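Notebook open, viewer loaded. I want to go through the two chains and jot down what I look up.

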Amino acid sequence: MLSMNGYHLGIMSLTDHKIGQDFIIRIAKADDVPAVVAMDEAVTGLAKPDYWQDIFDRYGGRRRGRYFLVADHEGTMVGFIIGEVRAWEFGSPPCGWVFTLSVDDKLRLGGIGTALFQAVCDAFRKYGVTKVRTTVARDNDLVMSFFRSQGMMASSFLQLEIDVAS
Amino acid sequence: MRLQKATRCALYAVLELASEPDRQMSANEIAEKYGISTNHLAKVLRNLGREGLVEAVRGAGGGYRFAGNPKRTTLLDVIRLFETVETVSSGEREPGDETPEGKALSQVIEEIEATERATLNSISLATMLKLVGRHGAA
C-alpha cells in the first residue's frame, strides 16, 4: 500500500473529478472514516480511530485551504489524500502541504495516487498557491519514487532534527 | 558527486533508447548526439546489454534498443553498473577514523551520502524522461 503520513499540518470549490471510468475523486465524508482507519491500520499495523476522526473533524468537508479527498470506486474508498495551505512557516509564502497519501495496494499502478495528487494540486492552485510540498522518510523508496514521478524535486528547505531525550 | 565518463555515457544511452523503446539506434548516432566517443559508448552498451537494459539488433539498420523497465529502473541501478556508490561506513578505514574528529566527519559525510543515494534511488528512468521533457520544452 502506498502510504505516507508524517506531517501534521480557504472554501474548497472542488467538484467530483471523474478519472477514467473506474473511480472518482471526491471530498471525504464522515462515512469514509472507518475505511480510512482500516487502510491506515493495514499499513502501520496500528488502528488509530481517534486520530483519524480528529483529522476528519479538522479537514473533512468543504474548508478553505484544507483538503481531505478520497478516491471512490463504486462506493468503496480505495485511497485518500490530505493536505492544506500553510503560510509563513519557516519564512515561506503560502504553499500547499500534502501530509497523507494512501492507496489500496491491490489497486496500485492504476493511477489512483496520481489522480489524488493532481486533485489536491488543483485545489491548491484554485486557492492561489503555486508551490506544493511534502515530507517523505528518506528510506521510503516507494513513496519517494511516487512523488518524484509527479515531478517533485528536493525542496529549498532542509528538515533538521535532534534527539532531546536525556 | 561527479559521475565517471562511462556512467554518463550509460545514462545518456539508456535515456535516449528508453525515450522511444521501439526505435533502434546505432552507437554512432547516440555518440554523435551527446558528443561522446563511439568506442567508449560501444563498450558501455555491451555492459548494458549484459545487464538486460538494452538489446543489440542484428542486421541492416541494426543498432540498440531499450529492453528494460523504465518505471522499475532507477538512476542508482544504472550508476551502480559502472561505479561503486561508496559509503563511509562500508569503505576502507582511514587514519583518524576512530578519533572524535574522524567520527564527527564520518557522520556529516554519511548524511550527505544518504541524501545522494535516496535521490538517485527514487528517480526512475521514466521520471527522468519526464524531467528531460520539461527541459526540452523550456
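Ground rules before I go on. This is a predicted model, where local features need pLDDT of at least 70 and side-chain atom pairs count only at pLDDT 80 or more, while totals for chains, interfaces and linings use all residues. Residues are numbered from 1 along each chain as its sequence is written, chains are lettered from A and ligands numbered from 1 in the order in which they are written, and side-chain values use heavy atoms, with hydrogens and water left out.

**Chain A, overall.** I looked up four helices and seven strands, in the order β-β-β-α-α-β-β-β-α-β-α along the sequence. Of its 166 residues, 45% are buried; buried means under 20% relative accessible area, exposed over 50%, and partly exposed in between (1.4 Å probe, protein chains only). The accessible surface of chain A is about 9,000 Å², and carbon and sulfur atoms account for 52% of that. Such areas come from the Shrake-Rupley method with a 1.4 Å probe, and for residues only the protein chains shown count as cover.

**A:I81.** Buried or exposed, I asked of A:I81? A:I81 counts as buried because its relative accessible area is 0%.

A:E74 has a positive phi near 50° although it is not a glycine. I place A:E74 in the loop between β4 (66–73) and β5 of chain A, and its 72% relative accessible area makes it exposed. A:F90 is in the loop between β5 and β6 (95–103) of chain A, and at 61% relative accessibility it is exposed.

**Salt bridges.** Side chains of opposite charge can pair when their charged atoms come close. My cut-off is a side-chain nitrogen of Lys or Arg within 4 Å of a carboxyl oxygen of Asp or Glu. How many salt bridges does this rule give over all chains? The count is 15.

- A:R26 pairs with A:D72, with closest N and O atoms 2.9 Å apart. The pair links distant parts of the chain, A:R26 in strand β3 (residues 23–27) and A:D72 in strand β4, 46 residues apart. A:R26 is buried at 9%, and A:D72 is buried at 11%.
- A:D40 pairs with A:K48 at 2.8 Å between the closest N and O atoms. A:D40 is buried at 2%, whereas A:K48 is partly exposed at 21%.
- A:R86 pairs with A:E84, and their closest N and O atoms are 3.0 Å apart. Shared partners join A:R66, A:E84, A:R86 and A:E89 into one network of salt bridges. A:R86 is buried at 19%, and A:E84 is buried at 4%.

**Chain B.** I looked up six helices and two strands here, running α-α-α-β-β-α-α-α from the N terminus. Of the 138 residues of chain B, 37% are buried. The C-alpha trace of chain B spans about 65 × 30 × 25 Å along its principal axes. B:K130 sits in helix α6 (residues 125–137) of chain B; B:K130 is partly exposed, at 47% relative accessibility.
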